[in-house]
Amino acid sequence: MKCPNCKGELVRSKKDPDYLLCYNCKKKFKVKSKENKEETQEKETATYSNIPKEAVRKKSEKKVKEDYRKMEEADDDENGGSIVPIIVLGVLIVIVAALIVYMLIK
Ligand SMILES: [Zn+2]
C-alpha cells in the first residue's frame, strides 16, 4: 500500500497492526484490511458456535451428574439416619418391656 500524500511505501505499525505508517510525512493511516476482517469474523464464529457450546454442555452435564450423585448420597444418609434410631428405640422398648415383665413376675 502507498501513502496517499507522498506515494511512498507505508510500513505496518509494530505497536498497532491496524495502522500503516509513512516515514516520509510522519503520518499514520488506519487500515482495516479485508483479510483482517475475515480473520476476525472467522474467530468470532468459532468462538460463538463450537467451543463455548461444547464447554457449556459438558459443564451442565457434569453439574447434572453431580446433583444426581448428591441426591443419591442424601437418600443414603436419610435411610442410614432413620433406620438406626428405630432399631435403638425397638431395643429400648424390648428392654423396658423385659424389665416390666421381670418386675411383675418378681
Ligand atoms: Zn507519506
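## Position of Ser 13

Ser 13 lies in the loop that connects β1 (11-12) with β2 (19-22). Strands here are DSSP runs of E with at least two residues, and helices are runs of H or I with at least four, both numbered from the N terminus. The model is predicted: local features need pLDDT of at least 70, side-chain atom pairs count only at pLDDT 80 or more, and totals for chains, interfaces and linings use all residues. Residue numbers start from 1 along each chain as its sequence is written.

With 15 other C-beta atoms within 10 Å, Ser 13 is partly exposed. A residue is buried at 20 or more such atoms, exposed at 12 or fewer, and partly exposed in between, with C-beta atoms placed from the backbone.

Leaving aside residues up to four places away in sequence, Ser 13 touches Tyr 19, Leu 20, Leu 21 and Lys 28. Contact requires C-beta atoms, placed from the backbone, to lie within 7 Å. From Ser 13 to Phe 29 the C-alpha to C-alpha distance is 9.7 Å, across 16 residues in sequence.

## The sheet

The 3 strands form an open sheet in the order β1-β2-β3, with antiparallel pairing. Its edge strands, β1 and β3 (27-30), each pair on one side only. Pairing requires at least two DSSP bridges between two strands. Antiparallel β2 and β3 are joined by 4 bridges, and Leu 20 stands opposite Phe 29 in β3.

## The whole protein

The protein has 2 helices and 3 strands, in the sequence pattern β-β-β-α-α. Of its 106 residues, 2% are buried. Among contacts between residues at least 6 apart in sequence, 0% join residues at least 24 apart.

Note on methods: Two residues are in contact if their C-beta atoms, placed from the backbone, lie within 7 Å.
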